[in-house]
Amino acid sequence: MHESIHLDDGSRVAIVGGGPAGSFTAYFLREICDRVGIEVDVDIFEAKDFSKPGPAGCNHCGGIVSESLVQMLASEGIILPDAVVQRGIQAYVLHSGPATVKITPPVNEKRIAAIYRGAGPLAPGGPVRQGLDPHLLRLAERKGAQLINRKVHVIDRDSSGKILLQCGQDRFGPYDFLVGAGGLSEATKAQFEKCLGHPVRHKTTRALIYELYLGEQAVDHFLDHSMHVFLQTFKGLEFAAIIPKGEYATVCLVGDDPGKEMADTFLASQEVTRLLPPDLDIYKRVCACKPLLNLKTLDKPYADRVALVGDSGVTRLYKDGIGAAYRLAKSLAVTAVFQGVSAHDFDNFYWKKCRQIQKDNGYGEIIFNLGEGVIKRVSPLRYGILRTVKNEQQKPGRKRFMSMAMWDTFTGSAPYKDIIKRMLRPGVASRVVFQSLVSLFAPPPRGENNDSVRRAWQALQGRREDSHPR
Amino acid sequence: MFIIQDGEVNVFLESANGDIPLVVLGPGDMFGEMSMFTKQPRTATVTAKGNARVLTVDKRGFLRRIHEDPSLAFRILQKLSERITVLNEEMSRLQETLAQYEKQD
Ligand SMILES: Cc1cc2nc3c(=O)[nH]c(=O)nc-3n(C[C@H](O)[C@H](O)[C@H](O)COP(=O)(O)OP(=O)(O)OC[C@H]3O[C@@H](n4cnc5c(N)ncnc54)[C@H](O)[C@@H]3O)c2cc1C
């Protein structure tokens, strides 16, 4: 009853959306077909021009390529050249009230990549960067995929069920297989739902991202090769991070109704003013955007000859969305070539991988709820955890269980299930409880004294002014 | 295992008669991949040629991912196959040279 639909020599595939999910799907489809020895045409439709600086040429995100993803991509032969990596990240600094703790991984290497998705911030006269998305698109093109720089307006089926696309007045197709990789764009989603024959419901939330101009020296001096994560800065702000990139700092806020007010409160908080340069003009912020974050996909995002991938399909909760796009794009390509492109084939193979990520998101929810509900509210527990992490930094890498759990939570490097397992190791919980009790009486753990960093900066500035008399 | 992200490295053998250069590797190339599968000590020495950015791939994490997605091992198999082809050619060349020497004797 369930007939498979196979891709063969001369089959045509259309991919709508040239973000990471679209590019990875094209890349692996072409690579696997090449290995097997079948010739399949792959067309990628992408509406954006990634050489334009600012929001118009960018798929907005924090821009962290996780440690595990950098390694997986490299072993696939997909490397991130220096021009794409704006900064290598080596450590995480957690800020909570007066407390700061630095977490470094066991391997002393700047393995996490901070990237721009497009050509970088919209700053007059600023340099144009090489973004991740155009880099991946180029790799897909090099594998033989064809990029069509057009927006797809209408998706339809012909009488035999094959797919027809329309960009403006121009028609494309028929295609044997259609991949939906348009992210969370509502208009594109509506076209796909029509073609799937059922709605695809997502749970989403809005985030706020903007780029703060610091200058390269100040980035070096104040942010170093660290990503800065903020816990419980004020009510309503769920998560905040500052990520160094070139001469900018990317500020990423998730919470209830993120907007200018939230951003101003955040920038004026003691945690942030302590971290950033004292002479910083925070209104020198350039480039702001309010992207949607996919929290949950509720249905099976496929039908015969059509499948959604990346943010428009299933993704990972909060962290490593690009990594999820890579894993599921590859799984989709493998399913399409080796099994087929019918709903039945996706049920049996692609959906299983999607489910793995969805299930793991369940564990992720436990971690984040614990963080939201308990750890952030109860300050002795929070400081207890920070204290445990701080004490662990003296131990050999493999023994830093709580630190590794925090590292993996914030970097998105490991499945959430593994993180929970690590937190629940015997000894770890009891140490946290002990340190929480200590925190009732002792002052919160403090990091390196930021005053000295500031004084060194002012001395540096003074010297520079002396050497350039006006 | 190590993978070059940017720049180039020299691979050579250290011997009593000085270093014997083997190959120059560039972006995307890997080395030390044999250590993923054997416990033998490293067989060659690698130094950066100018500035190079080299990524360490964690053995345990990588082997685990190979279990989830065996096709990840494909590129390593491909590299090793290529290397065997080169070695075979080298060997037949050496055998020819040896045969010529023997004829001369
Ligand atoms: C605030 C925030 C921070 C994040 N931080 C990180 C992070 O640090 N690290 C990480 O790994 N992930 C992060 N993510 C998640 C990550 O951004 C997404 O998971 C990822 O972009 C998904 O890729 P995608 O290809 O599915 O979709 P997208 O990146 O959204 O790409 C979709 C593409 O489709 C194109 N498109 C849409 N409709 C059409 C059409 N009709 N015709 C032609 N083209 C079309 C769009 O122009 C776009 O280029 C973050 C997300 C948010 C919101």
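Between chain B and chain A, about 1900 Å² of area is buried, and carbon and sulfur atoms give 49% of this area. The structure is a predicted model, and the values that follow are computed from it. The size of an interface is often given as the accessible area lost when the parts come together.

**Where chain B touches chain A**

The contact between the chains takes in 22 residues of chain B and 22 residues of chain A. Across this interface there are 4 salt bridges, one of which joins Lys330(A) to Asp69(B), with the closest N and O atoms 2.7 Å apart. The interface of chain B and chain A also holds 11 residue pairs in polar contact, counted with both residues at pLDDT 80 or more. On the side of chain B that touches chain A, the elements that give two or more residues are the strands β1 (2–15) and β4 (45–56), together with the helices α1 (59–68) and α2 (74–104) of chain B. Sorted by class, that side of chain B has 10 nonpolar, 4 polar and 8 charged residues.

**Inside chain B**

Chain B itself is divided into domain 1, which covers residues 1–68, and domain 2, which covers residues 73–105. The contact between these domains takes 9 residues from domain 1 of chain B and 6 residues from domain 2 of chain B. Taken over C-alpha atoms, the centres of the two domains of chain B are separated by 21 Å.

The area buried between domain 1 and domain 2 of chain B is about 640 Å², and here carbon and sulfur atoms give 67%. Of the area that domain 1 of chain B buries against domain 2 of chain B, 60% is supplied by Met30(B), Glu33(B) and Phe37(B), which is more than any other three residues supply.

Between the two domains of chain B there are 2 salt bridges, and the rule for polar contacts finds 2 residue pairs across their interface, both residues being at pLDDT 80 or more. On the side of domain 1 of chain B that touches domain 2 of chain B, the residues divide into 6 nonpolar, 1 polar and 2 charged. In chain B, the side chains of Asp29(B) and Lys79(B) meet in a salt bridge, at 3.5 Å from N to O.

The table sets out the named pairs with their distances.

| Salt bridge | N to O distance |
|---|---|
| Lys330(A) and Asp69(B) | 2.7 Å |
| Lys79(B) and Asp29(B) | 3.5 Å |

Terms used:
Residues are numbered from 1 along each chain as its sequence is written. Chains are lettered from A and ligands numbered from 1 in the order in which they are written. This is a predicted model: local features need pLDDT of at least 70, side-chain atom pairs count only at pLDDT 80 or more; totals for chains, interfaces and linings use all residues. Side-chain values use heavy atoms; hydrogens and water are left out. Domain bounds come from an automatic or database domain assignment. Contact means heavy atoms within 4.5 Å. Buried area is the accessible area (1.4 Å probe) that two parts lose on being put together, summed over both. A polar contact is a pair of N or O atoms within 3.5 Å; within protein, one must be able to donate a hydrogen and the other to accept it, and residues adjacent in sequence count only if both atoms are side-chain atoms. Ala, Val, Leu, Ile, Met, Phe, Trp, Tyr, Cys and Pro count as nonpolar, Asp, Glu, Lys and Arg as charged, and the others, Gly among them, as polar. Helices (H or I, at least four residues) and strands (E, at least two) are DSSP runs, numbered from the N terminus.
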